[in-house]
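Here is a short report for a reader who is new to this model. Look over the sequence and the structure, then read on.

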Amino acid sequence: MKRFAIAFLLVLFACGLANVISYCVRTDAPGAADAIRRVGFPFLVWEEGGFAYRYHFSHPALLGNVAVAVCLGSVAGVALWRFRR
């Protein structure tokens, strides 16, 4: 069970880190007049900015990102638990 928890938490951390990196990669250059800030991996969760300002937050995308992270974490946990016996 300890191996499962370690793999599960590592994958959850990696998915969280991927979302932080997506902010750095998807966001336009700071100081630009029409800069748009975006966050979300694999689904776009939050978008804000632009010349004609817009704000968009997607709850389904957030739930999708959490579901993907939990599923990948579970698969990694079971795989590590089974193959490290």
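## Terms and basis

Buried means under 20% relative accessible area, exposed means over 50%, and partly exposed lies in between (1.4 Å probe, protein chains only). Helices (H or I, at least four residues) and strands (E, at least two) are DSSP runs, numbered from the N terminus.

This is a predicted model: local features need pLDDT of at least 70, side-chain atom pairs count only at pLDDT 80 or more, and totals for chains, interfaces and linings use all residues. Residues are numbered from 1 along each chain as its sequence is written, and side-chain values use heavy atoms, with hydrogens and water left out.

Start with helix H1 (2-26). H1 has 25 residues. From its first C-alpha to its last, H1 reaches 36 Å, close to the 36 Å expected at 1.5 Å a residue. The expected span is 1.5 Å times one less than the number of residues in the helix. The buried residues of H1 are Ala7, Phe8, Val11, Cys15, Asn19 and Ser22. These buried residues pack against S1 and H2.

Helix H2 covers 59-83. H2 has 25 residues, which should span 36 Å at 1.5 Å a residue. The end C-alpha atoms of H2 are 36 Å apart, so the two values agree. Ala61, Gly64, Asn65, Ala69, Gly73 and Gly77 are the buried residues of H2. Their cover includes H1.

Where is Thr27 placed? Thr27 sits in the loop between helix H1 and strand S1 (36-39). Thr27 counts as buried because its relative accessibility is 18%.

A polar atom of the Thr27 side chain lies 2.6 Å from the backbone oxygen of Tyr23. The Thr27 side chain also reaches the backbone nitrogen of Arg38, at 3.5 Å. Contact means heavy atoms within 4.5 Å. Not counting residues up to four places away in sequence, Thr27 touches Ser22, Ile36, Arg37 and Arg38.

## A salt-bridge network

Side chains of opposite charge can pair when their charged atoms come close. A salt bridge is a side-chain nitrogen of Lys or Arg within 4 Å of a carboxyl oxygen of Asp or Glu. By this rule the count comes to four.

Which residues are linked in a network of salt bridges? They are Asp28, Arg38, Glu47 and Arg54. Arg38 pairs with Asp28, with the closest N and O atoms 3.6 Å apart. This pair links distant parts of the chain: Arg38 is in strand S1 and Asp28 is in the loop between H1 and S1, 10 residues apart. Asp28 is partly exposed, at a relative accessible area of 30%.

Arg38 also meets Glu47 in a salt bridge, at 3.1 Å from N to O. Both Arg38 and Glu47 are buried; the relative accessibility of Glu47 is 11%. Glu47 forms a salt bridge with Arg54 too, and the closest N and O atoms of that pair are 3.1 Å apart. Arg54 is partly exposed, at 43% relative accessibility.

## A cis bond at Pro42

The peptide bond from Phe41 to Pro42 is cis, with omega near 5°. Pro42 lies in the loop between S1 and strand S2 (46-49). Pro42 is partly exposed, with a relative accessible area of 38%.

Leaving aside neighbours within four places in sequence, Pro42 is in contact with Arg26, Asn65 and Val68. Pro42 and Val68 are 26 residues apart in sequence, yet 8.4 Å apart in space, C-alpha to C-alpha.

## A nonpolar surface patch

Tyr53, Tyr55, Phe57, Leu62, Val66 and Val70 form a nonpolar patch on the surface. Together they have about 560 Å² of accessible area. Areas come from the Shrake-Rupley method with a 1.4 Å probe; for residues, only the protein chains shown count as cover. Patches are made of residues with over 30% relative accessible area and no salt bridge: like charges are joined within 9 Å, nonpolar side chains (Val, Leu, Ile, Met, Phe, Trp, Tyr) within 5 Å.

Strand S3 (54-57) and helix H2 each supply at least two residues of this patch. H2 gives the most, with three. Val70 is placed in H2. Val70 is partly exposed, with a relative accessible area of 35%.

How values were computed:
A polar contact is a pair of N or O atoms within 3.5 Å; within protein, one must be able to donate a hydrogen and the other to accept it, and residues adjacent in sequence count only if both atoms are side-chain atoms.
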